[in-house]
Amino acid sequence: MDKSKLPPAALRPVDFRKDIKPLFESKCYSCHGPDKQKGQLRLDRKADALKGGDSHAPDIVLGKSADSPLIHFVAGLVPDMQMPPKGGPLTSEQIGLLRAWIDQGAQWPDDGSSVSAKHWAWEPVKRPTVPTIDNRQAASGNPVDRFLLAKLAEQKLSFSAPADARTLIRRLYFTTIGLPPSPEEVATFEREFRTGNRQLAIGKLVEKLLASPHFGERWARHWLDVVRFAESNGYETNGTRKNAWPYRDWVIRAFNNDLPYDRFILEQLAGDAFGVDEATGFIVGGPTDIVKSPDPVLTANQRAEDLNDFAATTASAFLGLTLHCARCHDHKFDPIAMKDYYSVVACFAGVRHGERAVKPPNFAELQAKADGLRAQLATLTKQMERFEPVAQTGTNGPGRRPPVTRGLNLDRFPAVTAKFLRFSITATTQLEPCIDELEAFTAGAASRNVALASAGATATASSTLPGNAIHKLAHVNDGQYGNDRSWISNERGKGWVQIEFAKAETIDRVQWSRDRDNVPRYNDRLATRYRIEVSPDGMAWQTVATSDDREPFGGKANGGITYSAEGMAPAEAKRLEELLAARKKWEAELVSVTTFPMVYAGKFGQTAETFLMHRGDPMQPREKIGPGVLASFAPKLSVPLEATDSERRLALAKWLGAPENPLTARVIVNRLWHYHFGIGLVDTPSDFGLNGGRPSHPELLDWLASELIASGWRLKHIHQLILTSAAFQQSSVENQLSNRPDSRPMALDSSNRFLWHFPARRLDAEPLRDTMLAVSGKLDRAMGGPGFDLFEANSNYVKVYNSRADFGPTEFRRMVYQSKPRTELDNTFGAFDCPDAGQVAPKRSRSTTPLQALNLLNSPFALQQAGFFAERVATDAGKSHEAQTKRAFQLAFLREPTRDELAASTKLVKAYGLPALCRALFNANEFLSVF
Amino acid sequence: MSDLRRSPVGQLVNRRNFLQLGGMGLGGVALTSLLAEQGLLAAGSGPIRPEIDAARPYAARPPHFEPRARRMLMIFCTGALSHVDSFDFKPELVKRHDTPMPGQDKLVTFQGENGNLIKPLWDFRARGQSGKMTSDLLPSLGELADELCFIHSMTGKSNTHGPAESQMSTGFILDGFPSMGSWVSYALGSESQNLPAYVAIPDPRGVPQISTRQWASAFLPAAYQGTPFNADKPIANLARPASISADADSATRDFVKFLNERHLAQYPGDTELSARIASYELAARMQLAAAEVSDTRGESAATLALYGVTDPNKNKAGFARNCLLARRLLERGVRFVQLFNGAYAMGEGVGNWDGHKTIATQYPVHANILDQPCAALLRDLKARGLLADTLVAFVTEFGRMPTFQKGASGRDHNPSGFTIWLAGAGVKRGFTHGATDEFGYRAVKDVTSIYDLHATLLHLLGLDHQRLSFYNNGIERRLTDVHGHVVEAVLA
C-alpha cells in the first residue's frame with residue numbers, strides 16, 4: 001500500500017458536526033448507518049464507529065489518519081475496497097478533511113451511544129449512606145424518610161402534616177390489599193391511633209395487611225399488567241385459554257408467600273425444572289396468532305412475533321429494558337446489540353405457545369408405573385393377536401372384520417415374504433385419500449415395523465397433494481401419527497402408496513390410519529375401499545388383504561380392531577375374555593397415571609437454530625446466534641451453544657436474578673414504589689435506559705435495591721419500609737398554606753416529584769369493582785381457580801365478546817379472578833383505563849371521561865350493587881332514614897355524615913328511596929379515590 | 001412541565017398549567033396566531049404534545065399546522081374487498097382469463113396454491129367525466145368516480161385478516177396499539193361539545209373481525225377510546241335505566257354534585273376531582289346529544305329514500321341507517337367517525353367481504369348492502385357542503401388475488417397491491433394514484449404503504465405524523481411507527 005498517494009490532511013481545525021457528519025450522512029450511512037451495517041461497521045454512532053467493523057477494526061486510528069483503514073478505503077488504496085462503492089469517490093478535499101479530523105483526535109461529541117458511557121442504571125448498585133436528618137419528621141428513623149427529607153430540604157420543603165387515622169387506614173387498605181376496611185376495623189384503628197403509640201399501631205396494621213391473602217390478589221393484578229397476561233389468544237380469533245388461570249394463582253401465591261424475587265424470576269422462566277409448571281405461564285402470557293397458513297413467509301413471521309414477545313416481555317418486566325428495539329438494528333440509545341437480542345431469543349428457541357400437563361410431585365413414580373403398564377399391555381396385545389380376524393381375500397364380504405376407521409386399522413394375513421408392499425385406494429369418504437402412517441410388521445416374536453423410513457424403507461406414491469408442509473409422502477412412514485404428519489394423494493377418491501423394505505421380510509400384518517390422534521379431528525379423506533398387495537420384486541404382486549370382507553363404513557358397527565374366538569375351542573374363548581378384561585383394567589390404569597391437569601404454560605421441546613435476521617426480517621437470516629444474555633451488562637455469562645431448552649431458560653433466569661445485575665433489583669423496587677405512590681422514583685417503570693426517566697431520588701432507589709438484595713430478595717420487606725414511612729402517612733391535602741396554586745411548594749414542584757404530599761388518585765378499575773361488592777356486602781372472597789366471565793358465552797370461530805348485562809354470585813368474586821380476554825374490555829369497567837393486554841402495561845394511563853360517569857350511574861352492575869347495598873343498609877340500620885344514611889356513609893366513606901350531608905341524604909332517601917342514595921354514593925369522588 | 005412524561009396523570013396536563021383555550025372552537029380563533037403563540041410553527045422535530053385539560057378531554061385543540069380537513073370519516077370494508085372486481089381495471093386480466101399467471105408457477109398464498117388468472121366477475125365501464133373504469137359490482141359508488149381519489153398501489157404487511165385489519169386501523173400488525181381515531185381525538189379533541197370525539201359505528205351484522213381493537217385507545221388515555229354505537233344499538237349505559245324516574249335521576253345527580261363539591265373544597269388542589277365533576281356534567285349533556293343525533297325523525301322522506309333506510313333487506317336498511325348516523329355525527333362536529341361495512345367471520349365470506357370459495361354468489365350480497373347507502377352518504381355530505389371540510393377514506397385490510405384459489409371459485413388474500421380511495425377535503429377529485437401490475441397482483445407504480453396513507457390522512461387533518469407521538473414504555477410511539485411519507489400527489 002502506497003500511503004504517499006493519500007491526499008494531504010486539511011490544515012484547519014475540523015468540526016465534526018459541520019464537516020464530518022454531513023459527509024458520513026451523504027456517503028456512508030446507506031450501508032453503515034442505522035439500517036444497514038455492512039461488514040458490521042456503523043458510522044452513525046460514536047461508540048460503534050470508533051470500535052470499527054468486523055475485519056479492519058479499528059477503522060479509525062485516533063491521531064493517525066495514514067494508518068486508518070477508513071482513509072485507505074476512501075482513497076482507493078485497497079483493491080476492491082474503494083469506498084463508497086457507488087456514487088463516486090470522495091474528493092481530495094473531503095479525504096483531507098477526514099484525515100485532519102482523525103489526526104486531530106477524531107473529536108466526536110458524545111451522543112450517548114458509547115457502551116462505556118456513564119448511565120446511572122448501568123452502574124452497579126451501591127449502598128449509599130442514609131442521610132442524617134435533624135428533623136421531627138424523620139423521627140421514626142425510617143431511611144426512606146431520611147432520603148426524601150434530605151431532598152425536600154434542598155428545596156426548603158417538608159412533608160405535609162400526617163393524615164388522620166381514618167384516611168390512613170383506608171389508604172393502607174387500598175394500596176396494600178385493594179379493598180376497603182370495614183367500619184369496625186376503622187373504629188379499632190382510630191382508637192389505637194388515638195390512645196396508643198401511633199407508629200406501633202401503623203406497624204401492626206401494615207403487618208396484618210401484608211399477611212392478608214388479599215395482598216397477593218392486589219399485587220398480582222399489578223404484575224399481570226407488567227407482563228401483558230390475559231386468558232385469550234388475541235388477534236382476530238381471540239379464543240379463550242381455558243387453562244391459563246393457574247399462572248395468575250401462582251403469582252398471587254408467590255406474593256402472599258413472599259417468594260424471594262430471584263426465585264420469582266427463576267420459576268417464571270424455568271418453573272418446569274422445580275415442579276411449578278404453571279409459573280412459566282409468564283413466557284406465553286402474551287398474544288399469538290393461531291391463524292395458520294401454508295404460506296411460509298406468514299408462518300415465519302408468526303414465529304418471529306412469538307419469540308419477540310417472549311424475549312421482549314422478559315427484558316421489559318425484569319430489566320426495564322426495551323430489548324425489542326434491537327430486533328432490526330442495534331439499539332439506538334442503550335448498549336444492546338442486535339446480536340444480544342437474538343441471543344436472548346435463542347434462550348426461548350425451544351418454547352412454543354400451548355398447554356402442557358402439570359407434573360405432580362410423584363411424577364417419576366407415576367411414569368415408572370405407566371411404563372410398566374405399557375409393557376404389560378404390549379405383551380397382552382401380542383397374546384391377543386391370534387384372536388384378530390384374518391383378512392379373507394377372494395371372498396365377497398360383508399365379512400367378519402370391522403369397518404375402517406379414522407384411527408388404527410389392522411389387516412392381518414398369513415405370513416408372507418416380500419420386499420414390496422403396496423396400499424391401493426379405490427374409494428374414500430370424500431376428496432383425495434389421506435394416510436398418516438402405514439406400518440408393516442414382521443411375523444413371530446419380536447415383531448418389528450419394517451415399513452419405517454428409519455428402518456431403511458422407502459416410500460413411493462401414485463401422487464402427492466402439492467403445496468402443504470403437513471402433507472408429504474415422507475410422512476407416511478415417519479413413525480409419527482396425526483393429520484399434521486400425513487400423506488394425501490393428488491387424485492380424488494384414489495391413489496396408492498408403496499413401501500420398499502430394506503430387504504425381503506416375512507410379514508403378517510399391516511397397520512394404517514388416517515388421523516391416529518387422541519383428539520377426534522379429521523374423518524374426511526378416509527380410504528373406504530382398498531387393497532394391500534405384496535411383491536418380492538416389485539413386478540409380480542399378490543393380494544394379501546382387501547376391504548371387501550369388512551363391514552361397510554358408516555354402518556352400525558364400530559371401527560378399530562376386533563377380536564373373536566369364533567370357531568375356536570371353548571377354553572380359547574374363555575382365555576380371550578380374560579385377556580380383554582385385563583386389557584380394559586390396565587388401560588384405565590394407564591389413563592389415570594398419565595392424565596394430569598393441563599396448564600397454558602408453554603410447550604417445551606427441541607431448540608430450533610437461531611439466526612440474526614437482517615433488518616429483523618425472518619426471511620433474511622444471517623449468522624447463527626447461540627443462546628446468551630446481554631453482553632454489556634453484568635454479570636458476564638456465556639451459555640453453551642448445545643444447551644438444551646431448559647438449560648437456556650435457567651441460565652437466563654439466573655443471570656437476571658444475579659445480585660451483580662445492575663437493573664433487576666432497581667426495577668422491582670421502583671415498581672413497588674410506583675404502585676404505592678402512583679408514580680415511580682423512575683417514572684418510566686419499564687424503561688431504565690437512556691431514553692427513560694432519571695430517578696428523582698437515585699440514592700433512595702439504590703438503597704432500596706441493596707436493601708432488597710440484602711434481605712434475601714424479600715419484597716414484603718420493601719413494602720413494609722414504604723408503608724411505615726412518614727412519607728406514606730402524610731396528608732394528600734397540600735402543605736400548610738399551599739392550597740393555592742401560587743403557593744411555594746406548587747411553584748417549586750407542582751407535579752409532587754419530591755413527595756411533599758401524598759398523591760391522591762382514582763381507584764383502578766379492579767379495586768373499584770371489588771369495593772362496590774365489598775360495600776354492597778356481596779363480595780365473594782373465595783380465592784383461586786378458573787375465572788368468571790364478564791362476557792356472554794360464544795363459540796364462533798372468531799370469538800365475539802358481548803358484555804353481559806346480568807350478574808350473579810359467580811361474578812361477585814374479585815376482579816383479578818375475571819377470565820380476562822385480550823384486547824376486550826367489558827362495557828362497565830373497561831372505561832376506567834383497564835389495560836387490554838395487547839402490549840405490556842407497566843404504567844396505566846388515568847383519565848376521567850363522561851362514559852365512566854354513565855357506567856357508574858346506569859350500568860346494570862352498578863344498579864344491581866346499589867340495590868344490594870341498600871338492602872344491606874336496611875338490614876343493618878332498620879327503618880329510620882337517619883340511621884340508614886349514617887350506616888350508608890359508614891360503609892361507603894367510613895365516616896359519619898356531617899349535619900348538612902345528613903339532611904340532604906335523608907331528603908333524597910325520603911323522596912326516592914334508599915337505593916337512590918346508594919347509587920349516588922358509588923358515584924362520589926370520596927368513594928372513587930384514594931387520598 | 002418541560003417533560004410531560006413526568007405528569008402523574010398519564011400525560012394529561014395539570015390544569016393549572018393549562019393554556020386556557022376556553023370554550024373557543026377553532027373557528028373563533030386565528031389559527032396561525034394561536035400556533036405561533038405556542039411556538040409550534042417554529043422549526044423542530046420533537047414530539048408535539050397536545051395540551052389537554054383533564055376536565056375537558058374532548059375540547060378542541062389546535063393542530064400542528066393549518067389543516068385541510070376538520071374531521072374525518074373512515075369507511076372500513078372488513079373481510080378484504082377484491083380490488084380486481086371493483087375499482088382496479090386490468091384489461092390484461094380479462095385477456096388472459098383462465099390461463100396461468102406468468103412467472104408465478106405454483107404460487108402459494110394464504111390458503112394455499114393458486115389456480116389460473118380469472119377476469120373480474122363484474123364488467124367494468126367508464127364512469128363520469130373522468131371516464132374512470134369501475135365495475136358493476138358497486139354501480140352507485142362508480143357513478144361518484146369524479147369525486148373520488150383512488151390509490152391503486154396500496155400495500156400492507158400481513159396477509160391474514162387480524163393483523164392486517166390492525167395495521168389499517170392502528171398502524172401495527174400486533175395487538176395493543178391505539179387506533180387512528182384515538183390518535184386524532186387525542187391530538188385534536190372535538191368540535192362537538194356534547195358528543196364523544198371519536199365514534200365507531202359497527203355493521204348491523206356485528207363487530208368487525210378484530211372487534212373493539214378497531215377503535216381501542218390502547219396505551220392512550222381511555223378518554224380517546226372510540227365510543228361504539230350504531231343505529232340499532234345505542235351507547236352502552238347511556239340511557240337512564242327504566243327503573244329510575246327522571247326526577248329520581250336528577251335528584252341523585254344533584255346529590256352527587258353536592259357531595260363532590262364538598263369533597264373538592266376539602267381537597268382543593270386535586271385536578272382529578274374537578275375533572276370528575278365536569279365529566280358528570282358532560283355525561284348529562286351527552287345523554288341528550290346522543291339521543292338527538294340518533295333520532296332521524298326530522299330527516300326528509302327523500303333523504304331516507306336516498307340512503308335506502310326502508311329497504312326490505314334488513315342488513316342494507318341497517319347499514320343505511322348507520323350511514324345516516326355517520327352524517328349526523330359529522331354534521332355535529334364529531335372529529336372522527338369510523339363506519340364499518342361487514343362484520344366478523346361467521347363462516348367464510350358470510351359476514352364480510354372474505355371471498356375465498358364462491359365469490360360470485362357472496363359478493364352481490366355484500367355489494368347490495370354497501371353500494372346505495374354508502375354512495376348516498378357521499379352525495380349527502382357533498383350536498384350539505386360537509387365534504388368541503390370532511391376527509392373520507394374508504395379502506396379495507398388488503399386486496400385479493402387476480403387468480404382463483406386452486407380448486408375453488410374465489411380469490412385468496414393479497415396485501416401486495418390493492419385499492420383504497422379518498423374523497424373530500426384536501427384531496428384531488430377524479431384522480432388515480434399508483435398502479436398494480438398488468439393483472440392487479442402487485443403494486444408497481446408509486447407503491448404506497450399503509451404508513452404513507454396514515455401520514456397523508458394526518459397531514460390533511462393538520463398533524464405531522466412524525467411529531468404526533470406518545471411516550472410509552474421506552475418509545476415515542478407514532479401511528480406511523482418509524483415510517484411513512486405524505487403522498488403529495490393526491491393532495492388537492
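Two residues are taken to be in contact if their C-beta atoms, placed from the backbone, lie within 7 Å. The model examined here is predicted. On that criterion, the contact between the two chains takes 82 residues from chain A and 76 residues from chain B. On chain B, strand 2 (108-109), strand 3 (112-117), helix 4 (161-170), helix 6 (246-266) and helix 7 (271-294) each supply at least two residues of the side that touches chain A.

The classes of residue on two contacting sides are tabulated below.

The domain assignment of chain B gives domain 1 as 71-231 + 300-461 + 484-490 and domain 2 as 237-295. The centres of these two domains of chain B, taken over C-alpha atoms, are separated by 38 Å. Their contact takes 7 residues from domain 1 of chain B and 6 residues from domain 2 of chain B.

Chain B also contains an open sheet of 3 strands in the order 2-3-12, with antiparallel pairing. Strand 2 and strand 12 (403-405) of chain B each have a single partner strand and stand at the edges, so one side of each is left without a neighbour in the sheet. Strand 3 and strand 12 of chain B run antiparallel and are joined by 2 bridges. Opposite Thr403(B), in strand 12 of chain B, stands Leu117(B).

Terms used. Residues are numbered from 1 along each chain as its sequence is written. Chains are lettered from A and ligands numbered from 1 in the order in which they are written. This is a predicted model: local features need pLDDT of at least 70, side-chain atom pairs count only at pLDDT 80 or more; totals for chains, interfaces and linings use all residues. Helices (H or I, at least four residues) and strands (E, at least two) are DSSP runs, numbered from the N terminus. Domain bounds come from an automatic or database domain assignment. Two strands pair if DSSP finds at least two bridges between them.
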